[in-house]
Amino acid sequence: MSDSQPARAEPAAISAPRSFQEIILRLQAYWASKGCAILQPYDMEVGAGTFHPATTLRSLGTKPWAAAYVQPSRRPTDGRYGENPNRLQHYYQYQVIIKPSPPDLQELYLGSLRAIGLDPALHDIRFVEDDWESPTLGAWGLGWEVWCDGMEVSQFTYFQQVGGHDCRPVSGELTYGLERLAMYVLGIDHVMTMPFNDPDAPIALTYGDIFRQTEEEYSRHNFDGADTDKLLRNFAEAEAECDRLLGFDPQDEKSGKRIIMAHPAYDQCIKASHLFNLLDARGVISVTERQAYIGRVRALAKKCADAFRQTEAGADAAAEAGAAT
Amino acid sequence: MPDLLIELFSEEIPARMQARARADLQKLVTDGLVEAGLTYAHAAAFSTPRRLTLAIEGLSTESRAVREERKGPSVSAPAQAVEGFLRSTGLTLEQLEKRADKKGEVYFAVIERPGRRAPEIIAEVLDSTIRNFPWPKSMRWGAGSLRWVRPLHSILCILSDEGGTDVVPLTVDGITAGNSTRGHRFLSPDAFCVNNFEDYAAKLKRAHVILDSAEREGAILAEAQTLAFAAGMELVEDRALLTEVAGLVEWPVPLMGRIAEDFLGLPPEVLQTSMKEHQKFFSVRNPKTGRIEGFVTVANTLTADQGETILKGNQKVLAARLSDAKFFWENDLRVARAGMDDWAEGLKSVTFHNKLGSQSDRIARIAALAREIAPMVGADPDLAERAARLAKLDLRSAMVGEFPELQGLMGMYYAQAAGEPEAVANAARDHYAPLGPSDAVPTEPVPVAVALADKIDTLTGFWAIDEKPTGSKDPFALRRAALGVIRLVLGNGVRAALAGRQGILAVPMTLFATQRGTLDLDAKIADLLAFFHDRLKVFLKDQGIRHDVIDACLAMTGNDDLTLLVKRATALQATLQTEDGANLVAGYKRASNILSQAEQKDGVEYSFGADPKFAEGDEERALFTALDQAEAAIAPAMAAEDFATAMQAMATLRGPIDAFFTATQINTDNQIVRRNRLNLLHRIRSLCLSVADLSKLDG
């Protein structure tokens with residue numbers, strides 16, 4: 001063998017990851033290498049990664065944007081006291097959002113699957129129609145659920161509207177359900193037995209070591225513990241606070257700047273949404289009331305989107321240029 | 001004559017939209033080309049998940065030149081009129097010709113449209129087709145403004161003949177048409193150029209793409225059957241699933257797997273539904289056990305391990321799904337064996353409609369109504385009521401929560417588990433039927449009673465709150481419910497009056513009237529009956545019964561007994577198909593017209609009875625005899641609802657009536673004879689009217 005022979009251009013076989021966190025780390029490294037800003041989770045309780053303002057608000061306006069992050073997500077009704085092999089009331093989503101959606105987004109996405117050990121040469125990867133709609137965010141888009149060997153591993157969406165605003169340009173959004181994806185890659189049947197860190201580490205921890213107890217505690221809290229009167233009150237308060245914050249005069253006296261409190265108001269919208277999910281889990285919302293609550297959260301999301309569009313980060317480049325002249 | 005090949009290459013097109021998109025592409029492009037003056041010999045459209053393709057053979061190379069002359073206003077017409085003419089023709093004043101006309105000089109426009117070359121027309125038509133494509137849902141992407149079902153990546157558009165291949169110059173929103181495409185996403189991702197359709201289809205096949213969806217369907221079906229057969233099993237065929245799956249793959253690779261032993265105890269419908277809805281698997285049956293024991297999944301790729309990893313993955317996903325199903329099934333069975341009380345309780349808090357109460361309220365009404373209906377359909381009232389109380393409880397079961405399409409069927413399994421009689425279990429399964437026009441009608445008495453009660457409760461309820469269907473809007477599927485009642489009644493020969501205070505509709509309607517306070521009971525029932533009659537007309541028309549025949553029978557008393565109504569209409573139609581029957585109508589109408597005119601003129605009703613002693617000719621005497629005989633036959637036949645016999649007897653009057661009219665003048669000077677004859681006509685009219693209202697018949 002001659003050393004001077006150039007290396008073949010074939011990609012090196014990718015080793016299989018061995019733990020939950022390795023899959024997350026590989027996704028982080030992959031999307032960082034593709035130019036995304038790796039953000040940290042939003043510090044509030046949300047139902048899905050989409051609620052992070054890095055997705056909802058940043059998908060509005062014309063400013064280019066590329067971000068990826070892990071988002072802990074809470075679905076109170078999905079609590080199963082840590083017993084169900086697949087269902088959790090607290091789980092992780094991996095979220096990628098790029099605006100405008102690049103023409104090779106599907107290829108970029110497939111690259112991320114290769115990075116975590118799902119080689120399309122060995123697996124059956126399919127894009128199956130699945131349109132996305134979030135009634136609480138007043139948002140919708142078209143795209144697919146991505147199947148790997150018959151299992152849904154991601155949601156792939158081209159945002160068309162968010163908070164009632166047309167997305168121009170369109171953002172491409174990828175959402176990976178991390179536990180389910182990792183269980184598939186690692187060949188695990190029950191989420192609680194999944195290695196969280198390196199299984200050969202001196203202190204090897206499973207997913208269950210970290211989350212079984214909290215799943216129990218929160219399941220009890222969500223279904224029986226949470227004080228519904230307080231939740232109902234908090235919902236109304238968050239709603240009122242959101243309105244109040246948006247009612248301020250944009251001109252800030254102290255700084256002399258134009259400051260619209262779109263993000264603080266949106267925090268209240270997130271809060272209201274989570275409170276609604278908790279109330280739903282407590283079973284105190286009837287079928288007819290449900291729609292009304294969803295409508296109230298959507299109204300907040302729309303107002304926040306309206307406000308964000310008035311800010312620098314959410315403005316249209318053309319409108320900004322017009323305003324400057 | 002060159003051939004045209006167009007391919008629109010995009011990200012994955014939803015399977016359910018592909019067939020329509022093929023048809024739309026073909027229609028929009030060929031219509032556009034023809035409208036612009038081109039002709040073609042043949043066109044065919046194709047689709048895969050990533051491409052829409054149109055191949056047109058024998059396209060003309062240019063459109064013919066067209067010369068059009070249009071007469072305009074007079075030269076002396078006001079300026080406004082001339083301007084309008086210029087606008088409509090697109091010409092300038094200098095381009096108009098002046099010609100002498102009868103009324104003086106008139107402007108003429110001579111518009112010459114030169115022939116255009118095909119590529120120019122194709123570019124225009126394709127641009128407009130892409131921009132106006134009728135996708136059920138379309139989207140924008142990136143920073144562009146073009147809409148397509150998913151991002152459009154490339155356009156292939158070539159004209160080819162013996163001389164070679166030319167790309168049609170065309171750019172749509174930054175996408176420039178070319179002569180290249182790509183193969184399978186994973187197996188042959190590189191771009192390649194094509195010269196014509198044959199070359200295109202052949203190169204695609206080498207690049208792991210079967211272009212024709214019918215060919216993919218055929219390949220999937222054949223391979224799936226072979227796999228099943230080789231394992232001593234048989235494929236459960238499913239056309240809709242086959243079409244959907246063929247729309248999800250470019251290179252189908254069927255793989256067969258087994259369902260783990262643990263799950264074989266699940267009802268076959270659950271296995272089939274779960275596999276189809278969630279995984280798009282075909283079911284495979286073991287003919288020896290009759291159970292669903294395997295599946296065929298269709299992969300879109302070839303792998304070095306012959307699909308082993310793919311099959312293993314699919315099996316794992318299926319196991320997780322079926323574990324859920326098994327969990328639901330076992331929990332549901334526990335509730336069922338305990339009598340389903342939890343579910344009955346739960347339905348109290350499920351709203352059916354905010355003006356019609358909860359599902360629980362509805363079940364109570366249906367149970368009461370099923371009890372009333374039971375004797376009419378030969379069902380035991382206690383069983384019918386029991387069945388109605390249980391039939392909808394499965395709506396609260398976990399399995400139906402997961403698979404709503406299994407409602408009713410799961411109810412049957414759970415009623416069986418609860419130890420209920422077979423008729424009660426079957427009522428749970430069958431009480432939604434018939435759903436579609438071709439759906440089978442239940443025939444077992446208890447299910448029939450519950451099915452009728454279910455639909456009649458829905459209809460009376462929505463009538464009570466004024467939520468009737470309007471135009472194309474029928475959100476509560478009330479037309480379907482009415483047709484369901486009609487088919488249940490007719491299919492089982494149910495004899496029951498619908499309308500009136502004693503009719504079936506009055507039972508629930510009275511209840512709604514009490515609840516709502518202000519309800520004109522009789523008007524509501526009459527209105528709902530009219531709705532039934534409308535639906536019945538549509539139904540019978542499809543069965544070949546004439547519209548006017550139905551009207552002639554609807555005019556009779558007892559028209560709310562649908563079985564009787566249809567029996568009468570069927571007999572009448574059969575009678576009208578005989579020569580005597582058809583001609584009798586003319587004789588009847590003649591008699592009726594003469595009588596009506598005389599009655600109007602004289603201001604009396606000639607219903608005193610005719611006396612044979614005033615009869616003058618043989619024909620008149622013969623008519624008396626014929627009427628006596630017919631009456632003697634018709635009365636008992638009508639009493640026995642033997643319409644065929646009654647109508648045959650009526651038809652025998654045709655000869656005597658015709659002969660009577662030929663030989664006899666009704667309006668004679670002898671007033672006694674005239675009045676007697678008018679009374680005789682009255683006998684004809686009333687006798688015929690006792691059978692059906694012949695005056696409603698055409699002709």
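1. The buried residues of H11(B) are B:Leu383, B:Ala384, B:Glu385, B:Arg386, B:Ala387, B:Ala388, B:Leu390 and B:Ala391. Buried means 20 or more other C-beta atoms within 10 Å of the residue's own, with C-beta atoms placed from the backbone. Helices are DSSP runs (H or I, at least four residues), numbered from the N terminus.

2. This is a predicted model: local features need pLDDT of at least 70, side-chain atom pairs count only at pLDDT 80 or more, and totals for chains, interfaces and linings use all residues. Residues are numbered from 1 along each chain as its sequence is written, while chains are lettered from A and ligands numbered from 1 in the order in which they are written.

3. The cover over the buried part of H11(B) includes H10 (359-373), H13 (409-417), H14 (422-430) and H15 (445-464) of chain B. Contact requires C-beta atoms, placed from the backbone, within 7 Å.

4. H10(B) and H11(B) pack at about 160°, axes 8 Å apart. H10(B) is therefore roughly antiparallel to H11(B) (angle over 145 degrees). Axes are lines fitted to C-alpha atoms over the stretch in contact, and angles run from 0 to 180 degrees between N-to-C directions.

5. On the H10(B) side, B:Ile363, B:Ile366, B:Ala367, B:Ala370 and B:Arg371 take part. Their partners in H11(B) are B:Pro381, B:Ala384, B:Glu385, B:Ala387, B:Ala388 and B:Arg389.

6. Chain A has domain 1 (20-220) and domain 2 (227-317); the bounds come from an automatic or database domain assignment. Their centres, over C-alpha atoms, lie 24 Å apart. Domain 1 of chain A gives 23 residues to the contact, domain 2 of chain A 25.

Terms used:
Contact = placed C-beta atoms within 7 Å. Buried ≥ 20, exposed ≤ 12 C-beta atoms within 10 Å, placed from the backbone. Helix = DSSP H or I, 4+ residues; strand = E, 2+ residues; numbered from the N terminus. Parallel < 35°, antiparallel > 145°, perpendicular 65-115°, else oblique.
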